[in-house]
Amino acid sequence: MLHPREPRRSISRRDFLRRSVGAAAAFPSAAAILAACSKPGTTGGATGSTSGERVLARPDNPVTLAMTRDPIAADTPLEAGPLRVYNWDAYMYKKVLKAFEDEFDVSIEVTTFNNMEEGIQKLVAGQVQADVFFPTTDYVARLAERDMLQPLNHELIPNLEANYWPTFSDPGPWYDREWRYTVPYVIYTTGVSYRRDRIPDSDADAAGYDLFFDPRVRDAVSYYDSYRDALGMMLLRNGHTDANTDDAAAIEQAKDDILQMINENGARLTINGTYARLPEGEFTVSQAWSGDIVGAKWYLPRDTGEDVLGYWYPADNRGLIGNDTITIPSAAESPRLAHEFLNFFLDEHWSFVNFSQWNGYQPPLNSIVPERLVDEGVVPESLSRAVLGEENFTMGYIQGELSADADALWLDAWSEIQAGG
Amino acid sequence: MASGAEDAPARSGRAGADGSRTSGAWFPKSYWPSFTLPASIWLAVFFVLPFYVVLSVAFGTVDPLFRTPLPVYQPWWWSFATFSETLQKFVGGDPIYLDPLIRTILYVVAASAICLVVGYAVAYYTARHAGRYRGLILVLLISPFWISYLMRIYSWQSLLQPDGYINDIAGIFGVVPIDWLAGKPVTVILGLVYGYIPFMILPLFGFLDRIDVSVLEAGRDLGAGALETFRRITLPLSKPGILAGVVIVSLPMFGDYYTNNLLGSQRTSMYGNLIDNAVGQAGQQPEAGSLVLILIAIVMIPMLYYLHSTRRATEAS
Amino acid sequence: MSDVTLARESRIDVPATSVSAWRRNPWRKPRFLQAITAGYLIWSIAPVVIAIVFSFNSGRSRSTWQGFSFRWWYQDPFDSLWNDLALRSAMFQTLRLSLLTVLLAVPLGTAFAIGIDRWRGRPASTANFFMLFSFVIPEIILGTSLFLLFTNLLRNAVSLGTTAQVIGLVTFQLSYPVIIVRARLLSIGPEYEDAAMDLGAPPLQALRRVLLPLLGPAILASAALVFADSVDNFVTVRYLSGQAPTEPLSVKIYSAARSSPTPAVNAAATVMLVTTLVVIVLAWLAYRRITTIRGEEPSAAGLAEL
């Protein structure tokens, strides 16, 4: 009843991938290219990695990435710029960028990507040169292993240790112990945002993830155009709590549910559904990173109060959670300036300005007392669930790097979703 | 054939059998070909060579870590696994790409038909009845060319918002607000029409404008009614314009993805979306290459038909 | 000439059937055609006018009018057109790409058209076939192919950005000057040039002094067309854009529409519209000058060519 095409799967992409990688190894030319790409000696990035099998970083299995070179010296002179930043769209407050430009008398060029895969592709292919890059945590190890990132000189980033939550300071996060290649940018949970003027809180609390399937919100549903978050949340809704699963049946089910949501409830895959189009009134329910809904007030029409914005996240805090990072690619032409940029964005003042005046994404700053954000009016009462405390990280589900096989399953499901029903 | 001075008015047979101009006896044989050389080299490097790379990517493999493509340039090492897997998605037991293909064909046919009917009416009126407003109407007809297509679709996105003007206007007539942007085929089709119809109107206008009024008057003098004159004279004479218009309008639509991305949803995904998604997705560039190859095969027939008929028309003129 | 033949054919079997007034008098204004045309023009132009008007909206919305202001033009300290460096550089990138494309595509295409008009061998028709092929092929095919070319085979030679974009645009636009100039060549015929050479002018001089001036209007028309179409281009330049400053306005509009739209985008598009209009008007004036000097009637068809 749900879907016209119940029985499916002919060739699984997993089989195919295994086959083609095997085939590639058999082809001298392809093998030569492979060999040229992966320099021997840099592949043991993740601790305890054995030949062939990569060890994937997880909160319960943190990794210390190998240092393949020395960081730049602390007395490296400041470059003249421009500083080239490669980031998601609408992820940094222009006022903060302007402040950096003024302080260091350089110009900043921001190149944007729409999703992580696009960002990685262009960076790896050398088609975008960047001094600063904002990868998600699941790509950090891979980038470091490929020598795409340069180790950081912590002397140049004093704000890191001074200002950040212990979870994020010592010994460093699970994906990069000792902060060898990354500094944290912002933290977020992934939940459900909704218009409180159309859906009462009690209904949202009762429905949770099922809100996406509510016929009352037909044609006004937005879901992220990002395969890990989209499928990850649907897996959770279906009771599957491993956000990094390789369970083909579970992924298949999540995919079918998303297709049902699209075809029967008119859901749309967007990237701006939460922060722009929900406040503008186009959407009633939208999958939301907590920072997006906090930043959504800047898109509210003038006569609409902030309290129309609501955010649901599981009451037991067992939902998707994560943080983004800032890194310096190894090909950076202005590495010293890049270090200053990292330090600037970790600065208590500017980090807070970036969060509170525009971006909406909370930095894990010691100086921010989560309980007080609502009282201080930084976050409206109706969005109190969008505020993160340090303890959230011990309860939420974290999206780490997928194994190649699992990733193929996820991507296969995703291209079917994008093709529509 | 006849020599230069005489055949000029007839504009045919200007070239000798060996390809050199008859009146240009002192030309080195390579004189005229050399004119075509720069553009030919350009096309060879930037039009033909890319297709070889598409083949190499489609029949190649991907980097195991970042899933970036690793093209294989030696045909004897090509692997057709991805290609046949992609093909399976259209014709196999689980044709997940069949729906977007069928949708694309339906949307393109519907949009081209609307373009033709509306475009013909507008072009006909402008060519025949516009009178002193003709210049003004022409300028207005051409004006969309000067405004970015993206900008025009972008403004529709605003107008079609739930609180946009279209719903406001509909509200006057008591229509409840419609979520036009929630993956409605009608929105996508009209978006396509909006974007491409100027390309239909201009060639039609060109051909309709060239029809000699005296021919029509002759037809009428001989007792043909207006509809009859239209059917027997105007329509046949504008047929090349119709063909050119339909081809120029429908072929790009097959590759359109942005109209749907801005005005539709995954429910209205088209073939272009498949390609665009695959190009931007990790590990899927070989599939993107395969999709491009399949699209080439699909549009090849109308393309060749068009090229064939234009060549025939050129030869005839 | 073929018109006459056709008319003759129709004369034979056109039956006199009409009865209605409209049929008896087709030269009368057909009201419904008029209505369709008027409706079409409103439909096609109103959204653009509304988009321009909304660049003056004081709110962030592109769909709800919230009062008049210059906020998105110059008042907003970060997001207005004047203060948003990215948006301004996108406009300049659009202009830069369009100019470079005109400078490359028009000479290449004109030379090709002249050569192919005079040289009728098999290689010529093959080259011509590919030329027309590039004219009708869906743009996404060309865009992705060039993207794969520059990110794989030529990744060390050409990086994504201005060079790649210009190459893509020229490849896509090359056929316009070829088609327009060839049409003109067919209509002027070879006699002027032949006369010049009969009078002893060497071929190159005959070409430069006689043929090129005659081709002037066509070259101008194709330059204007290539320029306008390059400004309009989105698919090719998007796939081939690299670093932020190489993103032209159409790409910016697309990403804005999908992420954080503000009326500043409308303002930028308005400026581009005015710029294109100025270029077109200048080209039109030049066109008229050339054609009136030569005593030709500046025709509506010439305008259509533009």
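Chain B and chain C meet through 106 residues of chain B and 91 residues of chain C in this predicted model. On the chain B side, helix 2 (residues 31-58) of chain B gives the largest share, with 19 residues. That side of chain B is made up of 71 nonpolar, 25 polar and 10 charged residues.

Chain C also touches chain A. Here 20 residues of chain C are in contact with 23 residues of chain A. Sort the chain C side of that contact by class and you get six nonpolar, 11 polar and three charged residues.

How far can you trust all this? For the model as a whole, ipTM is 0.85 and pTM is 0.85. Chain C has an average pLDDT of 81, and 86% of its residues score at least 70. Within chain C, helix 8 (residues 162-173) is where confidence is highest, with a mean of 95, while helix 1 (residues 2-13) is where confidence is lowest, with a mean of 39.

| Stretch of chain C | pLDDT | Contacts beyond four places in sequence |
|---|---|---|
| residues 1-23 | under 50 | 36 contacts |
| residues 297-306 | under 50 | 28 contacts |

Conventions
Residues numbered from 1 in each chain as written. Chains lettered and ligands numbered in written order. Predicted model: local features only at pLDDT ≥ 70, side-chain atom pairs only at ≥ 80, totals over all residues. Contact = placed C-beta atoms within 7 Å. Nonpolar A, V, L, I, M, F, W, Y, C, P; charged D, E, K, R; others polar. Helix = DSSP H or I, 4+ residues; strand = E, 2+ residues; numbered from the N terminus. pLDDT = per-residue confidence, 0-100.
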